[in-house]
Amino acid sequence: MHLPARARTTSKLDLGLYSRQVYVLGLETMKKLAETNVLICGVKGLGLEIAKNVVLAGVKSVTLHDTEAAVLSDLSSQFYLFEEDVGKNRAEVRLHHFSCKCCIACVHRVAELNPYVTVNAHTGALDEAFLSSFQVVVMTNAKSTSELTRVSTYCHDNRIAFCWAETRGLFGTIFTDFGDSFVVVDTNGEEPERHIISSISQDNPAIVTVHDESRHGLEDGDQVIFDEVEGMTELNSAKPVKVTVTGPYTFQIALDTTGYTAYERGGVVQQVKVPKELKFSSLAKSFLTPGEFTMSDFAKIGRAEQLHFGFQALLAYQDKHGELPPVGDENAANEVVQLAKDLNQQAKNENASRIADKVHEVEEIDEDIIRKLAMFSRGDLSPMNAFFGGITAQEVLKISGKFHPLFQWFYFDAVEALPSELNLADHAPVGSRYDNQIAVFGKSFQDKLEQQKYFLCGAGALGCEFLKNFAMMGLACGEKGTIFVTDMDNIEKSNLNRQFLFRDYDIGKMKSQAASAAIKVMNPHIRVTPYEIPVQTEETFTEEFWRSLDGVCNALDNLEARRYTDYQCVTYGKPLLESGTLGAKANTQVVLPHKTESYSASADPPEKTIPMCTLKNFPNKIEHTIEWARDLFGGFFKNQAEDVNNYLDNPDYVKKLKANTNIGVLKKTLEGIEAYLEKGNTITIKDCVAWARVHFEELFHNNIAQLAYNFPEDHITSNGVRFWSGPKRFPRALAFSEDDTLHMDFIIAGTKLLAHLYGIDDHISMEEIHEVLKTTTVPTFVPKKVKIQTDPGQQEEPSGGGDEHDADEAAIQRIVGSLPDRQQVGDWRLKPINFEKDDDTNYHMAFITAASNLRARNYSIKEADVHKTKQIAGKIIPAIATTTAMITGLVCLELYKLVQGDKKLEQFKNAFVNLALPFWAFSEPLPPAVHKGNEAEGTKSYPAEGWTEWDKIEFNMTEQTTLQELVNRFKEEHNIVVNSIASGVGLMYTSYLPGHKARLQQPVTDIWCTVNKKTIPATKHFFLLSVEGEDAATGDELELPDIHFRFRSVA
């Protein structure tokens, strides 16, 4: 079976589809992948997961190989099989698609994921002639040691990358072999470090100090090159040199600079990516001498060494019996344990006769672990397959040389997720699609899983993977179960590369609706309710809604929504599963009521901001010029246009503007309104060309010339140091040229956007543009006496005083008097432009890229292409399907533990993963902080034993309850004198303000409405109040948990 791909040339990738992935892998890597043919053997859940991720990544072709017929239990994790396909070959099974009849699903459905990838099915033998056509071969669901080693040996000998991946219940392994000599071009995928130099010593070795605006981030052994150094110019032509780190801002270079010219100023140092050569061993050799295992969990040191024998013992059992051990069969499990012991003893015997090159052995086989591996090895779990499928697919993509391959063995287990008490009879198959999950967790657990009510917040990349896993697991497939999923976004083309539930024909649909429909096809029993509203919609997501939930799973990409769901989970005492991705990196967090800290308890560091003076006058990185250009776009085509429309729509606009802004901002705003209204509805496309030309002169010549006039290149500060040093780069004004493509890009994009702003036809020929440019008069630069902000810590001065203030007032009066009468303008309005980064035809990115690069040229900064500019200007988060699949698998393993309900805190895992390195780190969730007062500050806690963010003081009252009654209840029930009460940021009462005493006689609900300036929704039954008070007996100031003030009963 062969399904051809859409025509594609490797020189031109579909960036509309791959844009987010390109920011992870890079264009060159993508082009290499587009020439890669991949064979995946075994199309059960794991094989399909790998295929899905590899096809989404955009390789040339994927061939699926399987010789077995589908069985009902395959539906535990094989999301492209239906019940009517049982008995048919997994690779070529026919089934109905979402909207078309009788198509070849495992091929057709995988092929649908990416129209540029050819997908084939193969059910024949894996002979050498067949294997030779692939660059990567992946084997899963291996049946025999001999077949596995035969294929892997052929691949090793013929320079074909080989991966073996296996999941057995809650255990799994990956082996990789990229051949005798494999070169990794980029080991970590990080942007090379680039820093401004402050000094370089004349020493042996020389010491380099970088500017203190950021740490250099280098490590011992990294290599760097130098550029733009003045004085010690010998470094500018030097080859890459190794560094030794001596501090966060200093490092040694392996050079003797005692004979070099003394360093004067300037220069940048940049890290150089050094290729790394790896030598892999074959599988047959690595079985005996595996080398160092890639650590998966530092809490399980020694586990990989045990599982290395365990998985070989499973293969040996299959060699003998032709099948895996039956579920819960203790005799079969004991046989596997004995096989592992035999393998270990053979290794010990072998090592007894060796002095060097000893084979792998352990002191003693861990019988409990090997027995659990064997007893539940027939388990086939969607979360495990998602986890291993993401990792293995990323290893396949590393054939490109991007990222460091796994070297060479990886073992992982989640054995702590097994039921605390095993009733093996409960694990027997029942003839269900979930039998492979029942094999691990039992039928009782499956019944409980199906009755769960979960709120999934987000149906994007993470959300799609979660929903697929939920459908395979059977979550909310029972009569009382429901998955509520909400997402406000529509499906766009760029989503299709990693949000695998969506297809071309879904573009424009709501994500939550389309995703819900897709998983209903995968498992018709799942009960899912989609919404298209924010998670903060309290009219829909009411108190009753939140209380009805068993848990919440976040799949969000914004901090505000994450914190809100976290707040709600703390309020209602619900567990929260949190996760996020950034390129090849990902993390998970489990939030358990009263057991762990909340998501918001450990805040992320604030996003770095660029100082205003750096943006306006002293950029030194392309990021600075891009941010400046993005602001320029917003000012020209959105903000000023909105100012114009506000002026036309509101007669009091100028009056309100005067009241709320300083005179400098007022003048600037009115000047913009005047300029945009000057032409009004009479503007022509040629006027737009002239506008672009005049602004080119202002932005890239006159403003720069003014800066150079204020601070000449040789300017010395009052401290006796050069002004243009360190991060300050001396700028040079540009002379406009019609022969310069970049200059013309700015003119064309500016012309088109201004025409769109005024709502006129933007059609104009290049000949007409050149004609206008030749006749446009641009103002001659005349230096002015102006103040320029030079210190990042200095606030912008609102306006000058004295004569300057009077001049501004006069200018404002003139502008106000010259503005056209609103009635004369009539219904005409400008059409403000909202920035849209993903439409390559709207000139938004064309304008920003041109403006950014022109400014970069002013300051001798390396220019950026539209692709990099789009990422920075659009604040695009790099994303790839492999990371998403992998991390959702880990989250769903935690979901298994949550549903069981009896797990201890130490059995849960938070995770941080970087697939580029690759690296895994698991940790026990942190307990919540306990508030116990502060003796130094004279405060005590109430209750005295302390409290956490999960604790509340409950008051059940009515809508008519007055503030005085609430205060009295505090005194009567808790012996606390209330000093103040707040709701959020609104102060409802304080005993220190005499005017607040009158509030004591008012209902608490009325005061809440006054403070929050809104009415109480009918769905709201309580408030959370913050109270400050003191012990009535001792007068000690008390730290109190939130007050749960209930004024309505729940129906």
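The model is predicted, with local features requiring pLDDT of at least 70 and side-chain atom pairs counting only at pLDDT 80 or more, while totals for chains, interfaces and linings use all residues. Residues are numbered from 1 along each chain as its sequence is written, and side-chain values use heavy atoms, with hydrogens and water left out.

**Packing of α22 and α24**

- Helix α22 spans residues 685-710 and helix α24 residues 766-775; their axes lie 9 Å apart at an angle of about 55 degrees.
- The crossing of α22 and α24 is right-handed, that is, the near helix is turned clockwise from the far one by less than a right angle.
- Contact (heavy atoms within 4.5 Å) involves Lys686, Val689, Ala690 and Arg693 of α22, together with Glu768, Ile769, Glu771, Val772 and Leu773 of α24.
- Five nonpolar and four charged residues make up the contact of α22 with α24, with no polar residues.

**Cysteines**

- The whole structure contains zero disulfides (pairs of cysteine sulfur atoms within 2.5 Å).
- Cysteine 155 is in no disulfide, and the nearest cysteine sulfur, in cysteine 41, is 8.6 Å away.
- Cysteine 155 counts as buried because its relative accessibility is 0% (buried means under 20% relative accessible area, with a 1.4 Å probe and protein chains only).
- For cysteine 892, the closest cysteine sulfur is that of cysteine 553, at 6.6 Å, which is too far for a bond.
- Cysteine 892 likewise has 0% relative accessibility and so counts as buried.

How values were computed: Axes fitted to C-alpha atoms, helices over the stretch in contact; angles between N-to-C directions. Helix = DSSP H or I, 4+ residues; strand = E, 2+ residues; numbered from the N terminus. Nonpolar A, V, L, I, M, F, W, Y, C, P; charged D, E, K, R; others polar. Buried < 20%, exposed > 50% of the residue type's maximum accessible area, 1.4 Å probe, protein only.
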